[in-house]
Amino acid sequence: MKINKIGLSLTLLSLINFNAVANPSNSAPAQLELELTLKQQLGEYHPPYVASWIENSQGKPVRTLLLWREKTKWLKDIRRWWRKVGKKDADFVDGITSATRAAGKYPLTFLAEDDQKKSLIKGQYTLFIEVVRENGGRAILRQPFVLNNIKSTFTLAASHETDEIQFTVLPK
């Protein structure tokens, strides 16, 4: 009887281990922390449209992290994001959209998953942040990073539309 319990336990452990090796997307995704700061502007001010997304090492978008916008007609002005993601799927755009934000600091946290909610595999990626403002400027920021179970912290330089941005990759 005792031998049967041990045998059953070994069988279950083998199945669990096999599943983890056979399907690496079951591993817990890393956490991405982004402290986005929209710069205060002088004079006439319209809250900017902002998109942030991740591209893999082949330049293919794998995840849109955020899209802050008001009217759909201005989405095309978020040029890079629009060409790579926005113009292809209106339903997806509606599903991830939230309202524009005033100038200020926005701490945001995301899981390192693709748009289908599967963990991103280890490898090289690039974080993009594109900020466009009516009667204002336009900025696109890029930060390459690696998912490899090592904590990484980056400071993206200030632009015309943003102050310094902090980006951290935290392994799980």
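This presentation walks through the predicted model of one protein chain, from its overall fold to a few individual residues.

Good morning, colleagues. The structure is a predicted model, in which local features need pLDDT of at least 70 and side-chain atom pairs count only at pLDDT 80 or more, while totals for chains, interfaces and linings use all residues. Residues are numbered from 1 along each chain as its sequence is written, and side-chain values use heavy atoms, with hydrogens and water left out.

I begin with the overall picture. The protein chain contains three helices and nine strands; helices (H or I, at least four residues) and strands (E, at least two) are DSSP runs, numbered from the N terminus. Along the sequence, their pattern reads α-β-β-β-α-α-β-β-β-β-β-β. Of the 172 residues, 40% count as buried; buried denotes under 20% relative accessible area, exposed over 50%, and partly exposed in between, with a 1.4 Å probe and protein chains only. The accessible surface of the chain comes to about 10200 Å², and 54% of that belongs to carbon and sulfur atoms. These areas come from the Shrake-Rupley method with a 1.4 Å probe, and for residues only the protein chains shown count as cover. Turning to contacts (heavy atoms within 4.5 Å), among those between residues at least 6 apart in sequence, 63% join residues at least 24 apart.

Next, the sheet. Five strands form an open sheet in the order S4-S3-S2-S6-S7, with mixed pairing. Strands S4 and S7 (138-147) stand at the edges with a single partner strand each, so one side of each has no neighbour in the sheet. Two strands are taken to pair if DSSP finds at least two bridges between them.

Which sense of pairing links S2 and S3, and over how many bridges? Strand S2 (residues 49-56) and S3 pair in the antiparallel sense over six bridges, and Trp-53 stands opposite Thr-64 in S3. The two strands form a hairpin with four residues between them, and Gly-59 in the turn has a positive phi of about 80 degrees. On S4 (residues 97-98), the pairing with S3 is parallel, over two bridges. There, Thr-97 is the bridge partner of Leu-67, and Ser-98 stands opposite Trp-68. Seven of the eight residues of S3 (residues 61-68) are buried, so this strand is largely enclosed by the rest of the structure.

I turn to the interior. In soluble globular proteins, nonpolar side chains tend to be buried together. A nonpolar core here is a set of buried Ala, Val, Leu, Ile, Met, Phe, Trp, Tyr and Cys residues joined through side-chain atoms within 4.5 Å. The largest such core has 28 residues, and those with the most contacts inside it are Ile-54, Ile-129, Phe-145 and Phe-167. Strands S1 (31-38), S2, S3, S5 (104-111), S6 (123-132), S7, S8 and S9 each supply at least two residues of this core. A second, separate core of 12 residues includes Tyr-49, Leu-67, Ile-78 and Phe-128. Beyond residues up to four places away in sequence, Phe-145 touches several residues, including Leu-32, Ile-54, Phe-154, Phe-167 and Val-169.

Finally, some loop residues. Is Thr-162 buried or exposed? At 0% relative accessibility, Thr-162 counts as buried, although this residue lies in the loop between S8 (152-156) and S9 (165-170). Its side chain makes a polar contact of 2.8 Å with that of Ser-159. A polar contact is a pair of N or O atoms within 3.5 Å; within protein, one must be able to donate a hydrogen and the other to accept it, and residues adjacent in sequence count only if both atoms are side-chain atoms. Leaving aside neighbours within four places in sequence, the contacts of Thr-162 include Thr-37, Val-131 and Leu-141.

Ala-102, in the loop between S4 and S5, is partly exposed at 43% relative accessibility. Ala-102 and Gln-40 are 62 residues apart in sequence and 8.3 Å apart in space, C-alpha to C-alpha.

Two backbone angles close the survey. Most residues other than glycine have a negative phi. Lys-117, in the loop between S5 and S6, has a positive phi near 70 degrees and is exposed, with a relative accessible area of 56%. Asn-149, in the loop between S7 and S8, likewise has a positive phi, of about 65 degrees.
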